[in-house]
Amino acid sequence: MTAREAAFHILERCRKDGAWFSAAADKTIRRSLPDERDAALASAISLGVLQNREYFDFLISFFCSTPPEKLENKVLTILRIGVCQLVLLDRIPSRAAVNETVAICKTLGVERAKGLVNAVLRKIADRRDDLPEVPGKGDANYLSVRYSHPLWLAKRLTEEKGYAFVEELFAANNRTPSLDIQINTFRISLEEYCRLLDERGIAYQAPAFPENCLCLIGGAVESLPGFKEGLFYVQDRAARMSVDLAGICPGMKVLDACSCPGGKSFAAAMHMKGEGEIVSCDIHEKKLPLIEQGAARLGISCIRTECRDARAYEESYREAFDAVIADVPCSGFGVIGKKPEIRGKSPEEIAGLPAIQGEILENLSRYVRPGGILLYSTCTILREENEEIVTQFLKKHPNFSPTAFSIEGRDAINGCYTFYPNIDGTDGFFVSKLIKER
């Protein structure tokens with residue numbers, strides 16, 4: 001199987017089966033593409049199509065007499081694969097992008113479409129450096145098409161943040177996401193692990209925050225040096241920073257209430273130097289082995305798991321924890337770059353989330369001891385799931401107060417901070433640090 005054929009199968013699994021991109025890509029690549037370069041190309045093409053589908057369809061409609069919605073699904077997917085190479089992957093020569101894409105028409109059972117695919121892609125190749133502009137620049141409709149984000153989200157964020165900010169945000173969402181790894185300081189130092197990467201010729205960046213973190217581009221996690229030995233774990237920088245801000249120390253008793261796959265529990269364990277206790281909970285019992293296996297790989301022994309609904313009160317937990325981490329279920333619009341399928345969510349689908357989030361925060365607040373920390377976070381950027389939840393909670397609970405902190409010189413005076421990809425270079429992520437009065 002070629003890289004382009006693999007990209008096609010990944011995209012078809014996402015379209016027909018509703019598969020998540022990461023799962024579809026991992027399964028297809030593992031099964032069919034042992035060569036790392038082919039695997040990287042298949043991943044880049046399929047992710048690029050999912051991130052830019054509406055924009056690619058605009059270009060196709062400009063150069064094709066048949067509208068995209070009238071084309072056979074297989075043919076449209078093949079055209080998108082070709083457009084992705086011509087528009088995003090500038091290292092691929094135009095001739096190769098066109099010819100190799102046309103070639104897969106036969107192997108994928110649509111040889112009759114070779115002429116159409118060839119004609120459309122050659123027209124786009126001829127205009128590769130002078131592509132037609134999406135009309136309406138300066139309004140939300142333009143942003144929606146040009147960056148392939150939901151129109152309702154473009155309108156709403158433009159009203160809240162301004163056009164220029166939203167264009168920067170959407171453009172950042174469409175960049176190749178970095179792979180952020182957190183070094184397991186129980187077993188190796190940051191400097192020592194960097195030497196391992198240098199020896200393998202693996203490029204990386206050491207960001208300003210948080211400590212003991214490295215950013216890589218692509219690659220299979222399991223193939224990085226020290227994976228089996230537990231020298232690192234994968235976690236976005238913003239999620240790691242939220243735990244760092246909590247001020248967790250050795251000897252504490254910590255509840256990670258919505259913990260799967262365990263990154264925040266692992267980060268807390270690093271701060272605790274393995275001294276104390278972490279209770280990691282998830283509503284789905286079948287997910288708990290992910291946390292347990294991750295902790296075992298990293299050599300963390302202070303974590304125990306429980307299957308528990310964060311909305312259901314547990315009397316034995318009352319005021320039992322020094323810190324409670326509430327990374328609640330959310331709409332996920334902060335990780336839209338890594339999970340492009342989230343772009344298909346409608347306002348109606350996420351309308352019930354704030355009630356669930358408020359209920360979880362209300363219940364978990366009972367488990368914080370006087371003087372303890374309640375950390376509320378989401379991987380979204382929508383106010384009704386973030387600031388508004390915290391504001392409503394504080395009105396009902398005057399015994400909790402927000403704690404000011406700063407991120408790289410940017411102050412969170414009200415105890416709340418939203419990470420944005422275009423500002424912080426991280427996932428979109430919200431965090432609020434609250435302290436219970438003694």
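Colleague: How do the residues of the lining of the second largest pocket divide into nonpolar, polar and charged?
Modeller: Nine are nonpolar, six polar and six charged. Ala, Val, Leu, Ile, Met, Phe, Trp, Tyr, Cys and Pro count as nonpolar, Asp, Glu, Lys and Arg as charged, and the others, Gly among them, as polar. Bear in mind that this is a predicted model, where local features need pLDDT of at least 70 and side-chain atom pairs pLDDT 80 or more, while totals for chains, interfaces and linings use all residues. Numbering runs from 1 along each chain as its sequence is written, and side-chain values use heavy atoms, without hydrogens and water.
Colleague: What volume does the second largest pocket have?
Modeller: About 410 Å³. Of its 21 lining residues, C14, R15, L50, R53 and E341 are the closest to the centre.
Colleague: And which helix gives the most to that lining?
Modeller: Helix 5, with four residues. Helix 5 covers 73–87, helices being DSSP runs of H or I with at least four residues, and strands runs of E with at least two.
Colleague: Switching to strands: why is strand 7 largely enclosed?
Modeller: Because seven of the seven residues in 321–327 are buried, that is, under 20% relative accessible area with a 1.4 Å probe, protein chains only.
Colleague: Which strands does strand 7 bridge to?
Modeller: Strand 4 (253–256) is joined to strand 7 by three bridges, and strand 8 (368–378) by six. Both pairings are parallel; pairing takes at least two DSSP bridges.

Note on methods. Buried means under 20% relative accessible area, exposed over 50%, partly exposed in between (1.4 Å probe, protein chains only). On a 1 Å grid over the protein atoms alone, a cavity is a set of points where a 1.4 Å probe fits but cannot get out, and a pocket is an open set with protein on both sides within 12 Å along at least five of seven lines; lining residues have an atom within 4 Å of a point. Grid points are joined across faces, edges and corners, and a volume is the space filled by probe spheres set on the points.
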